[in-house]
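Let's take a friendly walk through a protein fold, one piece at a time. Have a look at the structure below, and keep it in view as you read.

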Amino acid sequence: MTETEPAADLDPTIDEYLARLRELEARYPVPTWAEVMPDWKWLHEGMAAGTFDPEYRYGGLCVAVYDRRVVGTDVDPLLLRLTQARELGVHPERLVITTFYPA
Amino acid sequence: MTVQNTGPVLTVADPRGGAVRVPVPQFRCLVQLPGGLFPKDAVIDTGAPITWFPENVWRPLRDGVDFEWLGFPPGVPPPVARISSWQFTYRMVRFLAPLTLMDYSTMVDRPDVVAAFAAGNPPAYRTSKAPPPVIVGLWGGLLEGGRLAVGRDPAGGQVTGELEFP
């Protein structure tokens, strides 16, 4: 392989997740930034105020936020997006996914 | 542009009496990537020399449309980097469309950004800790020209941050 052929040494599981997400995205209306932004704002304001996770129990985890609440956690952001979008019946990009470093 | 901080708060004993709360802050921002529907969250890391993208973030981007590879000289293997407990090799890229740093009221386009795309997955990707989000480092065009002002909220004591591009 050469350096200009980057795909060959990458984990195919990510491609598989992305394909599943694209399939799921096709079933739902594309969300708008006006719909998603309030969840980012809720998350960031809670972080800034120290009220979002004062005990830092989400350290080392990916967290999914939807409608100003935590709807799920996982160590894999793609799996979390896929799982929660399926459970909630929403476009995967409607979810806010963030990651917290281990404590 | 307001950057957000997060992290655990440690409590240590104060020999003068009582305890001292020690925040372990990170500054977060949002980065809009070319072709992406919505921005991704990122850590502004002034200790990071360059900007890093984990594979799950960069993989949907289009080679030749959103970015182009910047090859190392022939015979030079991709270097190894380490972030937290994640050790990985990486390749350099140049974005072909501006990246946008943003918060809820401000958007700052950053053209010609050069960054690193991590190759492979963290060893503990599926079994232990979550991978880091995008790391916004010093060089490469995202932070250059900006000023990061670090302060402390007088009421709650939390660390505050403002990223300005004069």
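This is a predicted model: local features need pLDDT of at least 70, side-chain atom pairs count only at pLDDT 80 or more; totals for chains, interfaces and linings use all residues.

Chain A holds an open sheet of 3 strands, ordered β2-β1-β3, and the pairing is antiparallel. The edge positions belong to β2 (70–74) and β3 (96–99) of chain A; each has a single partner strand, so one side of each is left without a neighbour in the sheet. On average, neighbouring strands are turned by 20° against each other, ignoring direction.

Strands in a sheet pair through backbone hydrogen bonds, and the pairing can be parallel or antiparallel. Here, 4 bridges link β1(A), residues 62–65, to the antiparallel β3(A). To find one of these pairings, look for Val65(A), whose bridge partner in β3(A) is Val96(A).

**The helices on the sheet**

| Helix | Residues | Strands it meets | Angle |
|---|---|---|---|
| α2(A) | 33–49 | β1 and β3 of chain A | about 30° with β3(A) |

**A closer look at α3**

With 12 residues, α3(A) spans 16 Å from its first C-alpha to its last, close to the 16 Å expected at 1.5 Å a residue. Which residues of α3(A) are buried? They are Pro77(A), Leu78(A), Leu80(A), Arg81(A), Leu82(A), Gln84(A) and Ala85(A). Just after this helix comes Gly89(A), with a positive phi of about 70°.

Note on methods: Residues are numbered from 1 along each chain as its sequence is written. Chains are lettered from A and ligands numbered from 1 in the order in which they are written. Two strands pair if DSSP finds at least two bridges between them. Helices (H or I, at least four residues) and strands (E, at least two) are DSSP runs, numbered from the N terminus. Axes are lines fitted to C-alpha atoms, for helices over the stretch in contact, and angles run from 0 to 180 degrees between N-to-C directions. Two residues are in contact if their C-beta atoms, placed from the backbone, lie within 7 Å. The expected span of a helix is 1.5 Å times one less than its number of residues. A residue is buried if 20 or more other C-beta atoms lie within 10 Å of its own, exposed if 12 or fewer, and partly exposed in between; C-beta atoms are placed from the backbone.
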